[in-house]
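Please consult the sequence and coordinates alongside the text.

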Amino acid sequence: MTFYQGQSLADAVREATAVLADAGVPTPRVDAELLAEHLLGVGLGRLRAMLLGDAPAPAGYEELVQERAGRVPLQHITGVAYFRYLELRVGPGVFIPRPETESVVQLVIDHVAGISNPKVVDLGTGSGAIAGSIAHEVPGAEVHAVEFSTFAHAWAAKNLEPLGVILVQGDLRDALPEHNGTFDVVVSNPPYIPAEAIPTEPEVALHDPPEALYGGGADGMELPTAAAASAARLLKPGGYFVMEHAEVQAGWISGMLQRTGRWIDVTTHFDLNGKERATSAVLASTAPDE
Ligand SMILES: C[S@@+](CC[C@H](N)C(=O)[O-])C[C@H]1O[C@@H](n2cnc3c(N)ncnc32)[C@H](O)[C@@H]1O
């Protein structure tokens, strides 16, 4: 790619689109525009207007396009991930929140609609996408978040402190023992990828932290199983647990929850693409041996 000094914005974006398409970026035109928007500090409407005129390409555009062509995630370059109503700060060391997780947040928001001042915890909060959205969208909610990774915890702190979320650095397996039996909702998007299922997209394989991806064990189910056990520990009787997972894991997760004898109303939920990407359950009032 050889952008020249004084090249028009329209030509630069067209050329960048071709470069990104050659590099295998799935949405080359959108990414070319978003990088230009980022550098120019304008929104899409203004950018489109500038593309119709004779505005010059911004300084530094070629460098950012080259970075994206190297399959560095767009959000790492711009430093921002959009999730529901939030603009989250992200970068190396933290999982980029995904659109399907927005549906998991909606399940929580729908569930707490009739509960005043619900107490909610997000296990494995990453950037804080789930916890931050609930704090932002549910007035009066007391929201806690747990994150193990030092890097992710630092990003979560930036995003969650302004929203009043109580963040702790800890292991979801034994976190918050002082809150046992007190939460209305436990929500989690834990790592769940099987050890051998290495993602093919470079943005994921090279830039999402491994501790955010692999769930442990050949089937990736160690951390999801641990999240369910912690949910049973942290929830009030009748409390609501919802967890994201891969489409192929829906049946396994329902069966795992049912076999414990701790859960009722085990339900699989679809994301906006019609995929079975989350399971919820309600903690039974009595443990099986009571
Ligand atoms: C798939 S990412 C999800 C992040 C965020 N909740 C979201 O939906 O975008 C899983 C997160 O769990 C964290 N994690 C992994 N193992 C953990 C553990 N044992 N205890 C707490 N957090 C853990 C990872 O560091 C990562 O941030």
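Helix 2 (residues 28-40) packs with helix 4 (residues 61-69) at an angle of about 140°, their axes being 10 Å apart. The model under discussion is predicted. Because angles over 145 degrees would count as roughly antiparallel, the pair formed by helix 2 and helix 4 is therefore classed as oblique. The crossing of these two helices, helix 2 and helix 4, is right-handed. On the side of helix 2, the contact involves Asp31, Ala32, Leu35, Ala36, His38 and Leu39, which meet Tyr61, Leu64, Val65 and Arg68 of helix 4. Sorted by class, the contact of helix 2 with helix 4 comprises seven nonpolar, one polar and two charged residues.

Helix 2 also packs with helix 1 (residues 9-22): the axes of the two come within 8 Å and cross at roughly 130°. Helix 1 and helix 2 are therefore likewise oblique to each other, and helix 1 passes helix 2 in a right-handed crossing. From helix 1, the contact draws on Leu9, Val13, Arg14, Ala16, Thr17, Leu20 and Ala21, while helix 2 contributes Pro28, Arg29, Asp31, Ala32, Glu33, Ala36 and Leu40. In terms of class, the contact of helix 1 with helix 2 has nine nonpolar, one polar and four charged residues.

## Domain division

The protein chain is divided into domain 1 (9-70) and domain 2 (92-283). The C-alpha centres of domain 1 and domain 2 are 35 Å apart.

Helix 7 (residues 129-137) has seven of its nine residues buried, so it is largely enclosed by the rest of the structure. The buried residues of helix 7 are Ala129, Ile130, Ala131, Gly132, Ser133, Ile134 and Ala135.

In helix 12 (residues 250-260), Ala250, Ile253, Ser254, Gly255, Met256 and Leu257 are buried. Against which elements do the buried residues of helix 12 pack? They pack against helix 11 (222-234), strand 7 (235-244), strand 8 (263-270) and strand 9 (276-283). Helix 11 and helix 12 pack with their axes 11 Å apart and at an angle of about 40°, and helix 11 passes helix 12 in a right-handed crossing. Pro224, Thr225 and Ala228 of helix 11 make this contact with Trp252, Ile253, Met256 and Leu257 of helix 12. By class, the contact of helix 11 with helix 12 has six nonpolar, one polar and no charged residues.

| Helix pair | Angle between axes | Axis separation |
|---|---|---|
| Helix 2 and helix 4 | about 140° | 10 Å apart |
| Helix 1 and helix 2 | roughly 130° | within 8 Å |
| Helix 11 and helix 12 | about 40° | 11 Å apart |

## Loop residues and backbone geometry

Glu247 is placed in the loop between strand 7 and helix 12. At 38% relative accessibility, Glu247 counts as partly exposed. Apart from neighbours within four places in sequence, Glu247 is in contact with Lys275, Glu276 and Arg277. Glu247 and Asp174 are 73 residues apart in sequence, and their C-alpha atoms are 27 Å apart in space.

Positive phi values occur at several positions. Gly261, which follows helix 12, has a positive phi near 75°. Arg84 has a positive phi of about 50° although it is not a glycine. The loop that holds Arg84 lies between strand 1 (80-83) and strand 2 (86-89), and Arg84 counts as partly exposed at 24% relative accessibility. Asn117, likewise a residue other than glycine, has a positive phi near 45°. This residue, Asn117, lies in the loop between helix 6 (99-111) and strand 3 (119-123). Asn117 is exposed, with a relative accessible area of 55%.

Terms used:
Residues numbered from 1 in each chain as written. Predicted model: local features only at pLDDT ≥ 70, side-chain atom pairs only at ≥ 80, totals over all residues. Heavy atoms only, no water. Axes fitted to C-alpha atoms, helices over the stretch in contact; angles between N-to-C directions. Helix = DSSP H or I, 4+ residues; strand = E, 2+ residues; numbered from the N terminus. Parallel < 35°, antiparallel > 145°, perpendicular 65-115°, else oblique. Left-handed = near helix turned anticlockwise from the far one by under 90°. Contact = heavy atoms within 4.5 Å. Nonpolar A, V, L, I, M, F, W, Y, C, P; charged D, E, K, R; others polar. Domains from an automatic or database assignment. Buried < 20%, exposed > 50% of the residue type's maximum accessible area, 1.4 Å probe, protein only.
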